[in-house]
Amino acid sequence: MAAASKLFTKFQLSSFTAKNRIALAPMTRGRSTEQHVPQKFMGIYYAQRADCGLIITEATGISRQGLGWYRAPGIWNDEQVKAWKDV
């Protein structure tokens, strides 16, 4: 099997199965609001890349003190959690 065609084959690791061997690495995009709430277009961004076998989303702050960059998304309050569900 040619290396290029193997890229598009399923990959199994323990109980995880990916439909191909393409992974999207995490990126620090800084596209949240000033209150660190993820925005709807972040979901569109990931949907456009949904053919990857694995998508690792950007890092997410669990507290204001844990943020690593400007407009990093958070997950420490109800508004942020609700917005992530849309993404």
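Which side chain of opposite charge is nearest to the buried R29? This is a predicted model, in which local features need pLDDT of at least 70, side-chain atom pairs count only at pLDDT 80 or more, and totals for chains, interfaces and linings use all residues. Residues are numbered from 1 along each chain as its sequence is written, and side-chain values use heavy atoms, leaving out hydrogens and water.

**View 1. R29 is buried without a salt bridge.** The answer is E58, 4.4 Å away. A salt bridge needs a side-chain nitrogen of Lys or Arg within 4 Å of a carboxyl oxygen of Asp or Glu. Buried means under 20% relative accessible area, exposed over 50%, and partly exposed in between (1.4 Å probe, protein chains only). For charge, Lys and Arg count as positive and Asp and Glu as negative, while His and the chain ends are not counted. Look for R29 in the loop between strand 3 (23-24) and helix 2 (40-47); helices (H or I, at least four residues) and strands (E, at least two) are DSSP runs, numbered from the N terminus.

**View 2. S14 has a positive phi.** Its value is about 55°, although S14 is not a glycine. Most residues other than glycine have a negative phi. S14 is exposed, with a relative accessible area of 68%.
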